[in-house]
Amino acid sequence: MSARAFSVCAIVCAAGKGERAGFSKNKLLVPVGGRTVLERTVSAFDFPGIEEILVTASEEDREEISRLFAGFPKVRVVSGGATRTQSVFRALGENRCDIVLVHDGARPFVSRRCIENCIRSVKTFGSGVCAVPSVDTVALADENGAIASVPPRNRAYSVQTPQGFFAKELLGAYRKALAGGGEYTDDSSVYAAFVSPPRLCEGSRDNKKLTYPEDFSDGFARTGIGIDTHAFGKPQDFILLAGVKIPSDSGLVAHSDGDVLVHAVMDAMLSAAGLKDIGHYFPDTDERWSGADSMNLLAEVRRKILAEGFAVKNLSVAVLAEKPRLAKYIDAMRLSLADTLGLDPAAVGISAGTNEGLGYVGEGKGITVYADVLLKSL
Ligand code: CTP
Ligand code: MG
């Protein structure tokens with residue numbers, strides 16, 4: 001018997017409020033690194049094995065979500081309900097495929113591999129629920145907070161999404177679930193209650209659900225590098241590094257104040273956030289930046305990356321300079337950067353070294369700075 005080709009659709013649940021995440025809007029519509037969480041999640045399902053992606057949206061978010069996916073021909077936005085159970089039930093009513101994969105919009109790190117494991121499990125066993133072995137011991141508590149039972153850890157799993165089923169079976173189970181008025185946190189519990197014990201398949205530890213504010217900072221961390229060089233030659237008896245005035249036989253030539261260290265830091269921050277470089281935002285052809293205080297520009301760059309949903313987590317800077325000697329100014333430089341970036345000084349590291357007499361740095365012609373930054377998303 002030749003296997004019939006089953007069509008596969010996905011339901012991406014996005015009709016929640018994201019209250020626990022504490023943003024001023026649905027957590028799925030917060031941009032992280034230039035793209036919303038929901039766009040990232042939906043994109044994971046946008047491959048040839050999936051026919052249609054139904055995205056559940058609350059009345060409040062419907063317009064914004066429809067706009068986000070205007071360029072995605074596979075996406076259809078459907079109205080969600082007051083609970084996840086109701087949202088999935090409504091989407092199931094709109095589904096036209098044999099197999100349906102239900103996925104939380106709040107799990108943007110889902111991999112193609114998880115999705116394919118899930119589809120394969122449905123075709124083989126009739127259901128597929130992505131899960132990973134629990135690393136914690138799981139306890140069931142009674143109402144007083146006392147442990148009532150502990151399943152053996154080698155059989156305990158953390159259940160994720162996607163969860164796949166034959167659509168008719170799942171719809172039937174949901175009808176009964178809603179008629180009974182029960183509330184369920186996922187689809188496997190609905191299927192378990194009204195069809196049969198669903199089958200687990202291999203999920204992934206990366207496939208985390210974004211629930212609390214801190215969940216948003218780790219997963220979207222971004223690193224960036226910035227490098228800048230300025231030549232000596234300005235008739236001036238100091239240079240500025242991180243806004244700190246350091247005595248020198250000659251100043252650094254620049255359109256701005258020549259703070260080569262801050263320029264490298266700004267480029268690292270902009271690059272990590274996926275933005276353009278300082279030459280784009282503060283061009284030296286623009287008189288506004290003539291003699292500009294680079295620390296003010298740094299504050300402006302901090303605002304720019306904040307608008308993209310990022311803040312600096314830590315910063316590491318290496319200065320290559322034959323002269324002047326910098327050791328005794330390093331703490332002041334760290335404090336100055338920490339202050340402008342709203343960081344603990346311990347999150348700012350600065351090292352300084354000579355170039356052993358080699359090259360333009362060694363000959364004392366200029367200073368080069370390398371900056372490395374880690375951004376967390378907010
Ligand atoms: N969801 C839904 N319809 C609802 C409630 C939730 O489609 N009425 C979706 C959410 O958008 C989310 C997923 O179900 O992608 C999992 O729910 P959860 O992580 O609890 O998200 P929220 O309900 O939005 O968050 P919170 O409970 O913190 O308000
Ligand atoms: Mg919820």
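A: Start with a term. A polar contact is a pair of N or O atoms within 3.5 Å. Keep in mind that this model is predicted.

Q: Which atom of Gly 81 lies 2.9 Å from a nitrogen atom of ligand 1?
A: It is a backbone N or O atom of Gly 81. The cut-off for a polar contact is 3.5 Å.

Q: Which residues have polar atoms facing an oxygen atom of ligand 1?
A: Take the side chain of Thr 56: one of its N or O atoms is 3.1 Å from an oxygen atom of ligand 1. Then take Ala 106. There a polar backbone atom is 3.4 Å from an oxygen atom of the ligand.

Q: How much of ligand 1 does the protein bury?
A: Think of the ligand alone, then covered. Taken alone, ligand 1 exposes 570 Å². The protein buries 87% of that area.

Q: Where does ligand 1 sit?
A: Look for the largest pocket; ligand 1 sits there.

Q: How many residues surround ligand 1, and which are the closest?
A: The count is 20 residues. The closest are Cys 13, Gly 18, Glu 19, Ser 87 and Lys 209. Sort the shell by class: six residues are nonpolar, seven polar and seven charged.

Q: Which residues does the UniProt annotation "binding site" cover?
A: The record, an unreviewed entry, lists Asp 228, His 230 and His 263. They span 36 residues in sequence, yet no two of their C-alpha atoms are more than 10.0 Å apart, so they gather at one spot.

Q: In which strand does His 230 lie?
A: Find strand β12, residues 222–234; His 230 lies in that strand.

How values were computed
Residues numbered from 1 in each chain as written. Chains lettered and ligands numbered in written order. Predicted model: local features only at pLDDT ≥ 70, side-chain atom pairs only at ≥ 80, totals over all residues. Heavy atoms only, no water. Near = heavy atom within 4 Å. Polar contact = N/O pair within 3.5 Å; in protein donor to acceptor, adjacent residues only side chain to side chain. Areas by Shrake-Rupley, 256 points an atom, 1.4 Å probe, with all protein chains shown as cover. 1 Å grid on protein atoms, 1.4 Å probe; cavity = no way out; pocket = protein on both sides within 12 Å on 5 of 7 lines; lining within 4 Å. Sits in = over half its atoms within 2 Å of the grid points. Nonpolar A, V, L, I, M, F, W, Y, C, P; charged D, E, K, R; others polar. UniProt positions renumbered as here; feature names shortened; annotations may be inferred. Helix = DSSP H or I, 4+ residues; strand = E, 2+ residues; numbered from the N terminus.
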